[in-house]
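Please open the model in your viewer and keep the selection tool at hand. The stops below go from one selection to the next.

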Amino acid sequence: RSREQTSSASSLLRLLLKTPIYCRHQVLRIKTKNEQEVKQLQLLESLEHLELDFWINPSAPALPVDVRIPAASVQSVKAFLESQGIEYSILIEDLQDILDKEKQEMDENAQRQRSSTFDFGAYHTLDDINAELDHLASEYSFVEKIQIGQSYEKRPLYVLKFSTGGSNRPAIWLDAGIHSREWVTQASALWIANKIASDYGTDASITSLLNKMDLFLLPVSNPDGFVYTHTSNRMWRKTRSKIPGSICVGVDPNRNWDAGFGGPGASNNPCSDSYHGPSANSEVEVKSVVDFIKNHGNFKAFLTLHSYSQLLMYPYGYKCTRPDDYAELESLGRAAASSIRSLYGTTFQVGTICKTIYQASGGSIDWSYDNGIKYSFAFELRDTGRYGFLLPASQIVPTAEETWLGLKKIMEHVRDKSS
Amino acid sequence: SPAMELPPGHLPAARAAAVAVGYLRYLRGGPARGLELRELRRARRQDIDDVGHKYCLELELEDVLDKDSTVTCTAEVLYHLGSKSSAPDVQVTVQGELRSTEEADKEFYHRIRSLEKELVAENIPDSHGNVPPELEPIHLLAWAASGYITWQNSTENTKLHLAQVKHVRQVKRSDEDLQFDFVVLLHEMVSQEVLPWEVTVLWHPQHGARVSQCHAVGAGR
């Protein structure tokens, strides 16, 4: 048998038996000088009780002979060889060791394979996204996948926690996909998660950020809606909750927050795409985030991704007056938009929600701002309407890359202000 | 009352610009040209008693198939007072020349005319944003037609975009025009509704695109 066959056969055998059966087996390389020595080895070969496994059989003096020897026979074989003056060297001290290392390497390769096969430049199903979250959490010690609740249809709400230590450090919140049809946002969130995880330790900015603060990333805020966009209606926006007394389904989760709830810019018609819901936080997808952030108590920034329109907005949406921190937020927003533009020339308009897109009550960043999280921003990503929600997959990575620059600018400012 | 300067990034100006661009896209767009707003340079608004609100805009538009090809336009968009049924009046002046589409138009025209079976397609783009190359001209033609719908159906409180071509069916004609019956999904930004519209478009290389009929489908969900 060839060594490869033996090696893989033995690996398989070990896998089957789950016991280290090659413990202290040695592999010797024997150098024969003449025909006489070859004959001696052939004699050895015939002694079945020794259970010798010749990887290269004795055939001619010029050729080395490799043989695996079970632990029990090692001493006697070596004694025999020495008594005959036959030269040998130890190829493998302990075969089990080698096999263990090989398995570990194979496992690591398989895991690396799994990560390098996740195509960040493509749109994925919820299951594939969740699998990638698992992979990131397992590959990086400072990344943890936590569940903060479950959706109406009982799907887990998974958040990636990036934390290099400390205890309840000041934190940044980032979410995507609250409106399920805005596919570039979930996709960008995955790319951003991978970017942050893989650049920690090498990128100065990310490293200093995570050395001081924690980051919580919710890539799929509305998993029920997201699945529905895959299975039934690509243009679905809302949650999938049943509404008592209506044949229509779902609440606009970004009209459901307790900030000017029920005011202008939200509909009280359950069939509307901007239906605010029966009451603030009626949607479990919203309540889970609210509870998590309140219980944590130390969030300094709340950032949320939407598409499309290329806008970078801060509060308020429920009223058309400026927030107290208008000057700082406007200035930071412009700096972030400038960073975004620096990469591919993509221009974002900056302003309050009410002045930039529409008056809209019950929005998430209005809630976070009014609850003491000063750095509250909402992004509307690419494009400006040519493809709209159906942004070509080829634009996912460029969108994520430029968006990340804007987010980073904001996070760096938050980091500097929080220390 | 006197004209008021508006911040170009803010919504009243952006909505008026969308109407002007929709109008222009319809007028100058086609299977080989899609016009998109590159930049709203300047916007002013004038409230005219008993008439309505007039927006004066300076726009830079680009050809999506040739991003270096841009034109500057000045546009006036007049939203009539209190009228939901009357389309805004739009006047546009275009400075500069767009890249000629004569060759591509001829090619498209002959390709469609020589089809044995009438063209039928759906979901353009598909869920992943893909448009097969041979359907790109159909996509652009629908986009031009949606410019008409945008122009005709916009108010100061709406902003319409083509979300998707749900279905298209070519109808062979005895005259020289190509005819396409579309079902398009339009996304209205303020209400966030995505609503289906049926629109019939006639097109000819020399005569451009004409919407022969259009209406919203059904009464909603």
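Begin with C214(B), which is partly exposed at a relative accessible area of 25%. Bear in mind throughout that this is a predicted model.

Stay in chain B and select C73(B). Is this residue buried or exposed? C73(B) has a relative accessible area of 0%, so it counts as buried.

Next, the disulfides. Over all chains, the structure holds two of them. Select C248(A) and C271(A) for one: the S to S distance is 2.0 Å. Both cysteines sit in the loop between α8 (223–231) and α9 (284–296) of chain A, and the pair links distant parts of the chain, 23 residues apart. Look along the S-S bond of C248(A) and C271(A): the torsion about this bond is about 90°, so the disulfide is right-handed. C248(A) has a relative accessible area of 10% and is therefore buried, the cut-off for buried being under 20%.

For the other disulfide, select C320(A) and C354(A), whose sulfur atoms are 1.7 Å apart. C320(A) is in the loop between β10 (311–314) and α10 (326–344) of chain A, while C354(A) belongs to helix α11 (residues 353–356) of chain A, so the bond ties together parts that are 34 residues apart in sequence. Colour the two ends by accessibility. C320(A) is partly exposed, with 38% relative accessibility, whereas C354(A) is buried at 7%. With bonded cysteines counted along the chain, the disulfides of chain A follow the pattern 1-2, 3-4.

The last stop is a pair of helices in chain A. Select helix α6 (residues 183–199) of chain A together with helix α7 (residues 204–212) of chain A.

On the α6(A) side, pick K195(A), I196(A) and D199(A); on the α7(A) side, pick I206(A), T207(A) and L210(A). By type, the residues of this contact between α6(A) and α7(A) divide into three nonpolar, one polar and two charged.

Methods
Residues numbered from 1 in each chain as written. Chains lettered and ligands numbered in written order. Predicted model: local features only at pLDDT ≥ 70, side-chain atom pairs only at ≥ 80, totals over all residues. Heavy atoms only, no water. Axes fitted to C-alpha atoms, helices over the stretch in contact; angles between N-to-C directions. Helix = DSSP H or I, 4+ residues; strand = E, 2+ residues; numbered from the N terminus. Contact = heavy atoms within 4.5 Å. Nonpolar A, V, L, I, M, F, W, Y, C, P; charged D, E, K, R; others polar. Disulfide = S-S within 2.5 Å. Buried < 20%, exposed > 50% of the residue type's maximum accessible area, 1.4 Å probe, protein only.
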